[in-house]
Amino acid sequence: MTASLLRISGMELEVERRGQGAPLLVLCGEEALELDSPVLAELARDHELIIPSPPGFGRSGRPDWIETPDDISYLYLDLVETLGLPKLPAVGFSLGGWIALEMAAKDDSFLSHLVLVDPYGVKIGGPTDRDIADVWTLHPKRVAALKWFDQDKGRRDFTAMSDGELTIVARNNESFARFCWDPYMHNPKLKRFLHRVRVPTLFVWGEHDGIVTPDYGRAYSRLVPGADFATIGGAGHYPHLEQPAEFMTLVRGFLG
Amino acid sequence: MDVWHFTEMPYPHLPPFDELTTIRVTLPGKHFDPNIGADLFNRYLDEYVIADELGFNHMLNEHHQTATCLDVAAPLSAAILARQTRHGRICILGNPVANRGDPVRIAEEMAMIDCICRGRLDVGFVRGVPYEIFAANTNPTQTVERLWEGIDLAVKAWTTHDAPFNFEGRFTRRRAINLWPRPYQQPHPPVWITGSSDLDSIRKAAGRGYVFATFLQPYDKVKELFDAYRSAYLDQGLPGGGGTAFMPLVYTGETEADAEGGAREIIWYMNAKTEPQFRNPPGYVPVELNVQALRGAFSGRTEAMRAQGLEFQREQGVVMYGTPDQVAAQVRRFYDRVGGFDHLLVMQQAGFLDHKRTVASMTLFAKEVLPQIRGLARTRPLNAKGAAE
């Protein structure tokens, strides 16, 4: 496993490469909980995982001009070109799923398959509909209850972490707000361009996700032509963390 | 030393605090009775008029979606005082330019008020406390940058008289900016900013000759901030002006028992509850402080002071109360401990403190404290260049 800083579009982007086999692009969620998860360990057994950290996350820089997931998608398209990768599948979790769709709507020619796990990114309802639970206005305990089917799986012991680890956690939180505060967790234009995504696409959703509900997910998936939609029981916003075995069965079946 | 009367215009007639989870941001508006509100607005404005007759200057601020402060538009209350007062200066502390945006509109409003009161206006700009982020829906990670772009544009609008100019900045884009009216005071009214830890902003304020104000902080912290301001002051070749300001809660009583009773009423302000997510939105404070927050060692800057008792708050200078001589002694002690300062902002009303007791405290302060502290000298710069002069 190696992580290095690459110069992309005039900024430093942290990119980890892990495992051996056909390359697979992994776009983590805003909390980057995937990095230590069994799911990535499993995927790395037969893929070389390419795992970039978005600007302001991990050890990536965060220039002022990058303000939205839309901006980040251009960086990532540059990254794919720079690495000279063959056509490859991509898996995007939560915020990472949103960024993956921003990329694919611009250019899906580098993709073979797309897996999106409880992504944000579009607004389905009207002005007073709360499509995406407001994680910054709700009490943190309420947010945890909406996010996890089993809240014990979401508990993190920050007192046991080093300053370096906590700095990354705090910086990830801050950067998530930088890019997603307003418009809240969506790009008003994205749904107008999702018809451009023509690669085989699978939406995976936690049945008990209270941040973005399965109904939101179904409506979102219908914006991508021919996309499949699957739910996983006993899971909230992170079905791949709460039910990794079922998640892997779905993904392996889809990627073939 | 200049002294400024202040109330945040609270609405204290709420269900008991233990029945509420927050009185900021999401407390439903059904708890506001417009009849009580009308009485309160008029009463608080009356107290400013009384303050004017007593010899105080006036400080106003604004907040949004909170029972702690009914003044949601300081330019409106300042415009009222511009007509209803005659003597004291009027300081808006401040215009929340980071949250409100539209610095050109703010510059216009300030110019109009400054003309109406014939140059009695001081114009503060504030970044806004964390709770304000939610009502304004401002990105919490960019408030400092928005503050300074806004201040610099407002000042440029005040001071550009010969031709319109355009501005295409990071947060504001305007064409043909051309102020009518322009300010009564030339080149522009005194500018103030507030801060509680950001040394970069303090140095910028010093470099531009702006007054730096801080609120309800213990004296050792205030000294650190004022020292940073003073040591930056002359190094930057200032045109003049500037100064430092501090705001404690203040109650002046006939007796010690009366004063302690009043102090216990006004610290209502510090006990006002707020849910944790509103106290520290992501990116409002630097990453280093959020590392401490994750460890549970930081939960917002006012929380530490709030948890301590009244005696501790008096010792720290955050609450000043007592008989007139005791209050004057506390002001002088604070002045000595922080290396001197120029403006005392006295928050003399908060919570349920009623009109009669508020006016009694204000009157005692004006007649018996003010004469004892008015002569405290303006401060001197601390740096080598200042010391040599």
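Strands β2 (residues 11-18) and β4 of chain A pair up antiparallel, with 4 bridges between them. Strands here are DSSP runs of E with at least two residues, helices are runs of H or I with at least four, and both are numbered from the N terminus; two strands count as paired if DSSP finds at least two bridges between them. Keep in mind that this is a predicted model, where local features need pLDDT of at least 70 and side-chain atom pairs count only at pLDDT 80 or more, while totals for chains, interfaces and linings use all residues. Residues are numbered from 1 along each chain as its sequence is written, with chains lettered from A and ligands numbered from 1 in the order in which they are written.

**Around β4 of chain A**

- β4(A) itself (residues 47-52) is mostly covered, with 5 of its 6 residues buried (20 or more other C-beta atoms within 10 Å of a residue's own, with C-beta atoms placed from the backbone).

- Setting aside neighbours within four places in sequence, B:L345 is in contact (C-beta atoms, placed from the backbone, within 7 Å) with residues including B:W4, B:F6 and B:M59.

**Where the chains meet**

- Chain A puts 20 residues into the contact and chain B puts in 16.
- α12(B) supplies the largest share of chain B's side, 4 residues.
- By class, chain B's side has 8 nonpolar, 6 polar and 2 charged residues (nonpolar: Ala, Val, Leu, Ile, Met, Phe, Trp, Tyr, Cys and Pro; charged: Asp, Glu, Lys and Arg; polar: the others, Gly among them).
- The axes of α5 (residues 163-180) of chain A and α12 (residues 287-294) of chain B come within 9 Å and cross at roughly 110°. Axes are lines fitted to C-alpha atoms, for helices over the stretch in contact, and angles run from 0 to 180 degrees between N-to-C directions.
- That makes α5(A) roughly perpendicular to α12(B) (65 to 115 degrees).
- Residues making this helix contact include A:L166 and A:A170 of α5(A), plus B:V291 and B:L294 of α12(B).

Note on methods. Angles under 35 degrees count as roughly parallel, over 145 as roughly antiparallel, 65 to 115 as roughly perpendicular and the rest as oblique. Two residues are in contact if their C-beta atoms, placed from the backbone, lie within 7 Å. A residue is buried if 20 or more other C-beta atoms lie within 10 Å of its own, exposed if 12 or fewer, and partly exposed in between; C-beta atoms are placed from the backbone.
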